[in-house]
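Colleague: I would like a close look at a single part of this model, the sheet and the helices packed around it. Please take me through it piece by piece.

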Amino acid sequence: MLEKIENVIRVDKLRAILLMEADFNFINKLVFGHKMVKQCEQFSRFPEELYGSRNNHSAVEVGVNRRLTLETLKQKRRNGAIAGVDAAQCYDRIVHSLAILLCRNEGAPISSLLLMFGAIQSMEFFIRTTFGESTNSYGGIQTVPFQGSCQGNGASPALWLVLSMYIVLLYKEAGHVSNCKTAYSEIVMGLMGFLFVDDTDLVIIGDSDHSMDTVTTKLQNAILCWNKLLRVTGGDLRPEKCYWYPIEFEWNKGISQIKTQTEGEVHLVTIDGKKVPIKRQPPNAAMEAVGIWQDATGSNTKQLDVLLDNIIKI
């Protein structure tokens with residue numbers, strides 16, 4: 001059990017890293033993390049919105065493209081919205097049967113899949129902390145086997161990447177894509193958002209005649225669709241980690257500006273059918289995404305303050 005946040009030792013804030021046998025972990029990483037992902041890249045299988053667990057991509061690209069999307073909204077004076085929807089325990093909730101089917105579709109050998117998931121389903125788990133190892137364990141062969149691919153498994157990033165690919169493709173097929181035409185070349189670009197592992201931003205860019213109510217309705221439908229697709233893989237959204245920015249323009253003497261107060265609510269539907277509101281953030285409230293603090297107005301004040309604090313601590 002390792003600290004996610006320095007000096008925070010609450011059990012629900014710790015990260016459980018599984019220590020697998022070295023040769024077994026190497027095979028998993030080679031077959032799935034290297035060969036399968038390389039083949040997907042070779043045949044351009046991954047949507048452009050996927051950044052995590054891929055070569056030549058980084059979290060900084062998400063921050064840059066997120067800012068460019070906001071600048072596009074400001075340049076075109078289009079109403080829009082961005083929702084941050086984080087998945088809960090993505091690796092630990094992967095459904096084995098679905099992962100096997102999708103990885104087989106991407107060319108992964110069935111023998112390697114059965115070897116890895118068979119071992120995970122029969123493992124006995126002990127917990128190691130700074131106080132030592134536990135004497136009790138859980139797991140083993142059960143009627144309903146444990147699911148998930150385990151944090152620390154060399155194949156986990158590749159498995160989640162493939163699952164994310166199909167979620168994005170199905171999400172786009174459902175029609176949740178915002179189109180934007182470039183001014184000079186008139187190239188139409190379709191955008192659904194940005195994904196870096198379990199951090200997801202869903203983007204809605206309204207048409208020139210779309211009111212904020214229309215944008216909010218489109219965002220609501222998009223979030224519900226995303227949550228349903230994520231739930232099929234075994235995952236779910238964490239309401240306390242989700243938020244959204246409404247971006248609505250108003251005019252004052254011919255000058256446009258983003259409204260500081262906007263009406264409208266969006267919600268999640270939990271697995272037991274309850275509606276949970278998602279927190280609406282004002283445009284000038286900075287939120288951290290992939291390690292970068294950004295708001296909807298384009299201000300860098302919060303990010304600069306964080307960098308200066310970190311420098312002072314050094």
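**The sheet and its helices**

Modeller: Five strands make up an open sheet with mixed pairing, in the order β10-β11-β3-β12-β17. Its edges are β10 (193–196) and β17 (279–280), each of which pairs on one side only. Please keep in mind that this is a predicted model.

Within the sheet, take β3 and β11. Strand β3 covers residues 80–84 and strand β11 covers residues 199–205; the two run antiparallel and are joined by five bridges.

Two packed helices are described by the angle between their axes and the distance between the axes. For α5 (residues 156–173) and α6 (residues 212–232), the angle is about 140° and the axes are 10 Å apart. Because of that angle, α5 is oblique to α6; angles over 145 degrees would count as roughly antiparallel. The crossing of these two helices is right-handed. On the α5 side, the residues in contact are W160, I167, V168, L170 and Y171, and they meet A222, C225, W226, L229 and L230 of α6. By class, this contact has ten nonpolar residues, with no polar and no charged ones.

Helix α5 also packs with α3 (residues 96–105), at an angle of about 85° and again with axes 10 Å apart. The two helices are therefore roughly perpendicular to each other. Here α3 contributes L98, A99, L102, C103 and N105, while α5 contributes L159, V162, L163 and Y166. The contact of α3 with α5 divides into eight nonpolar residues, one polar and no charged.

Charged side chains do come up elsewhere in the model, where the count is nine salt bridges. One of them joins E71 to K74, with the closest N and O atoms 3.4 Å apart. Both residues belong to helix α2 (residues 59–76) and sit three residues apart, about one turn of the helix.

Key
Residues are numbered from 1 along each chain as its sequence is written. This is a predicted model: local features need pLDDT of at least 70, side-chain atom pairs count only at pLDDT 80 or more; totals for chains, interfaces and linings use all residues. Side-chain values use heavy atoms; hydrogens and water are left out. Axes are lines fitted to C-alpha atoms, for helices over the stretch in contact, and angles run from 0 to 180 degrees between N-to-C directions. Helices (H or I, at least four residues) and strands (E, at least two) are DSSP runs, numbered from the N terminus. Angles under 35 degrees count as roughly parallel, over 145 as roughly antiparallel, 65 to 115 as roughly perpendicular and the rest as oblique. A crossing is left-handed if the near helix is turned anticlockwise from the far one by less than a right angle, and right-handed if clockwise. Contact means heavy atoms within 4.5 Å. Ala, Val, Leu, Ile, Met, Phe, Trp, Tyr, Cys and Pro count as nonpolar, Asp, Glu, Lys and Arg as charged, and the others, Gly among them, as polar. Two strands pair if DSSP finds at least two bridges between them. A salt bridge is a side-chain nitrogen of Lys or Arg within 4 Å of a carboxyl oxygen of Asp or Glu.
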